[in-house]
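Please walk through this structure with the model open beside the text.

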Amino acid sequence: MSTTLLFEQLLNGLQYGVTLFLMAAGLTLVFGVMGLINLAHGSLYMIGAFACAAVAAATGSFWLGLVASIVAAGFAGVLIEMLVIRRLYDRDHLDQVLATFALILILSEGCRMVFGSFPLYLDTPDFLSGPVTLFGGFQYSAYRLAIILVGGLVALGLYLLITKTRLGIRIRAGEADREMIAALGVNIATLYTIVFAIGAALAGFAGAMMGAIQSVQVGMGEPVLILAFVVIVIGGIGSIKGALIGSILVGVVDTLGRVTLPGFFNLFMDTAAANSVGAALSSMSIYVLMAIILIFKPEGLVSNNA
Amino acid sequence: MKTLKTIMASAVAMSLALGGSAMAEGAKIGMITTLSGGGAGLGVDVRDGFMLAIEQAGRDDVEVVIEDDARKPDLAVQIADKMIQSEKVDILTGIIWSNLAMAVIPSAVAQGKIYVSPNAGPSALAGKGCNANYFNVAWQNDNLHEAMGAYANVAEYTNTFILAPNYPAGQDALNGFKREYRGQLAGEVFTKLGATDYAAEIAQIRDSGADSVFFFLPGGMGIAFMKQYAASGVDLPVMGPAFSFDQGILGAVGDAALGVRNSSQWSKDIDNETNNAFVASFQEKYERLPSLYASQGFDAANLILSALDKADVKDTEAFSAALKEADFKSTRGDFKFGNNNHPIQDIYVREVVKEGDVLTNKILGLALTDHQDAYAEDCPLQ
């Protein structure tokens with residue numbers, strides 16, 4: 001494998017990781033602050049993508065679509081929190097899983113009733129649609145570079161929000177001891193709604209950005225959701241920093257696994273067999289990674305209780 | 001009054017009975033197809049094409065029960081059991097995906113039911129595993145890929161990179177392509193079924209020194225791949241089976257698909273009476289262009305109807321013999337079954353073009369004539 005190919009694959013892994021981070025950040029915040037397992041997070045990703053595609057088709061502007069995705073997913077988040085999730089905080093995790101799984105089915109079928117069964121068209125804005133030439137004459141998709149950049153900015157923004165603002169202090173306090181901050185006069189119900197809406201908006205934003213290079217269709221959020229859960233388990237549940245490290249680790253391991261494993265098995269197997277064994281093992285690679293990390297760090301890489 | 005009605009009804013029945021060979025026994029058909037989730041577009045098209053044919057036949061003695069398998073093999077098996085045991089259907093049809101087909105079909109035909117596949121044609125059911133009660137009215141999985149392999153020779157590609165998802169139809173696809181293709185392979189990759197990110201594979205294509213790319217990625221996977229491929233700056237010619245460029249997908253891929261060559265047993269511009277009428281009536285009823293899946297659903301229904309005119313569905317042996325005659329007007333023109341109950345048919349090469357604002361396919365020429373699948377000789381049926 002040449003150095004440029006390796007470098008390109010590392011960039012791909014980074015880009016993939018950054019997208020996972022946008023999903024995982026919301027998921028880990030919601031779990032950390034409210035102790036809630038939200039399976040419907042993937043549906044918010046889908047809502048973001050559909051909102052972006054619908055608005056972009058109506059107005060011709062991808063950017064308006066992007067704004068719409070954040071607004072729509074955030075608004076859906078507020079509604080879901082107030083109507084459904086609020087009743088689940090005191091229940092055990094099984095009830096939460098059941099209720100949010102029901103939400104997946106309702107939102108998916110709802111989306112299908114509104115937008116139909118066929119994938120929607122959503123394309124990247126013109127000036128990002130081609131490749132850019134990086135050093136050494138090597139070409140890379142401009143849009144993917146933009147995703148890495150935007151993801152980095154969002155991570156920085158979240159870091160500042162959590163560490164430097166009053167809202168951030170309350171969120172951290174809510175994670176540490178929710179009875180105490182309620183006793184100190186913080187409106188815990190509003191805080192929960194805000195946190196849930198932030199998580200939802202991030203998921204919707206990720207959905208819109210990925211929708212432009214993937215396909216906008218019903219059920220697009222669930223595969224990403226599973227990976228996002230892997231990420232927060234690896235990173236340490238409730239930790240934004242852990243989510244960032246975990247998502248980049250997962251992104252890079254998954255990408256490199258897909259590229260290198262078939263070649264590795266080809267060293268001692270015939271090509272056809274090596275391809276299927278390699279493909280099968282590479283789809284397991286992140287779960288193997290998760291298992292190894294949990295053996296040495298049962299609470300994840302960045303533990304809140306440390 | 002009541003007596004009068006009875007007399008008239010029996011008179012009508014008499015005239016029908018005397019009028020012709022029509023058995024007019026009626027039948028109950030169970031359709032298991034994908035109507036929700038990721039691959040729903042394909043199932044919706046098959047269903048709509050199928051129901052259009054039933055409606056046009058105007059037979060109210062044919063009842064169709066439709067259920068959604070959500071692309072889940074376990075669910076498909078449950079539905080099949082329910083349809084066979086409690087709803088007592090005579091014929092099953094509708095499955096889109098080969099992994100679901102493998103879960104349902106062998107046990108359904110073993111219970112003496114007829115299965116008419118409007119799509120999935122896994123190789124395991126075409127060779128040694130063929131069955132007198134199993135008919136595929138679309139193709140054996142390898143067929144369209146074989147046609148593209150033959151086309152790659154004509155286009156003088158000598159170093160093709162090939163790509164498919166890791167499931168039965170994906171393996172059939174790459175085997176089919178390699179069966180006809182004479183050049184070298186720049187690379188061969190299996191991706192995860194349902195994967196949406198192809199950056200790693202596109203980087204491998206760029207690095208491989210290939211002169212062309214062949215891929216089989218049905219549904220949303222193909223949309224994602226084509227968009228990412230177009231943005232990557234790799235400008236090698238792309239080819240694939242019609243599944244990656246059918247009518248339901250083209251709109252979502254956009255201009256990135258323009259000029260791509262793909263193989264299909266059907267196209268909306270095949271010029272025969274049946275097809276012209278089918279395209280026009282489909283468009284009128286559903287307000288969209290039909291895809292190849294819709295044509296397959298339409299043909300499946302017409303095949304079943306043709307056999308119902310000849311034999312009683314309860315007499316499985318006579319009915320499957322009537323099916324095998326394939327005495328119906330296919331949207332594809334010439335159509336007949338080989339010994340293994342899979343089609344022998346022409347396969348075309350098409351190009352993606354723009355008609356006004358709508359992306360669609362136009363026939364370039366024939367890729368393979370009267371093509372039969374490679375597994376037929378292993379099938380003991382005559």
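The paragraphs below describe a predicted model.

Where the two domains of chain B touch, 17 residues of domain 1 are in contact with 16 residues of domain 2. On the domain 1 side, the elements of chain B that give two or more residues are helix 2 (40-57), helix 4 (98-110) and helix 11 (292-308). The residues on that side of domain 1 comprise 9 nonpolar, 7 polar and 1 charged.

Next comes a sheet in chain B. In this open sheet, 5 strands are arranged in the order 2-1-3-4-5, and the pairing is parallel. Strand 2 (62-68) and strand 5 (134-136) of chain B are the edge strands, each pairing on one side only. From one strand to the next, the twist averages 20°. One of the pairings joins strand 3 (residues 91-93) of chain B to strand 4 (residues 114-117) of chain B, in the parallel sense and over 3 bridges. B:Thr93 stands opposite B:Val116, which belongs to strand 4 of chain B. Helix 4 of chain B lies across strand 1 (27-33), strand 3, strand 4 and strand 5 of chain B, and its direction is at about 150° to strand 4 of chain B. Helix 4 of chain B is also among the elements that supply the side of domain 1 touching domain 2.

The remaining topic is how chain B meets chain A. Here 33 residues of chain B are in contact with 40 residues of chain A. On the chain B side, helix 2, strand 7 (184-191), helix 7, helix 8 (220-232) and helix 9 (247-253) each supply at least two residues. Helix 8 of chain B gives the most, with 7 residues. The chain B side divides into 12 nonpolar, 16 polar and 5 charged residues.

One helix pair from the two chains can be followed in detail. Helix 1 (residues 3-34) of chain A packs with helix 7 (residues 199-208) of chain B at an angle of about 165°, and their axes are 9 Å apart. Helix 1 of chain A and helix 7 of chain B are therefore roughly antiparallel. Their crossing is right-handed. From helix 1 of chain A, the residues A:Leu5, A:Glu8, A:Gln9, A:Asn12 and A:Gln15 meet B:Ala199, B:Ala200, B:Ala203 and B:Asp207 in helix 7 of chain B. The residues of this contact divide into 4 nonpolar, 3 polar and 2 charged.

Definitions and conventions. Residues numbered from 1 in each chain as written. Chains lettered and ligands numbered in written order. Predicted model: local features only at pLDDT ≥ 70, side-chain atom pairs only at ≥ 80, totals over all residues. Contact = placed C-beta atoms within 7 Å. Helix = DSSP H or I, 4+ residues; strand = E, 2+ residues; numbered from the N terminus. Nonpolar A, V, L, I, M, F, W, Y, C, P; charged D, E, K, R; others polar. Axes fitted to C-alpha atoms, helices over the stretch in contact; angles between N-to-C directions. Parallel < 35°, antiparallel > 145°, perpendicular 65-115°, else oblique. Left-handed = near helix turned anticlockwise from the far one by under 90°. Pairing = 2+ DSSP bridges.
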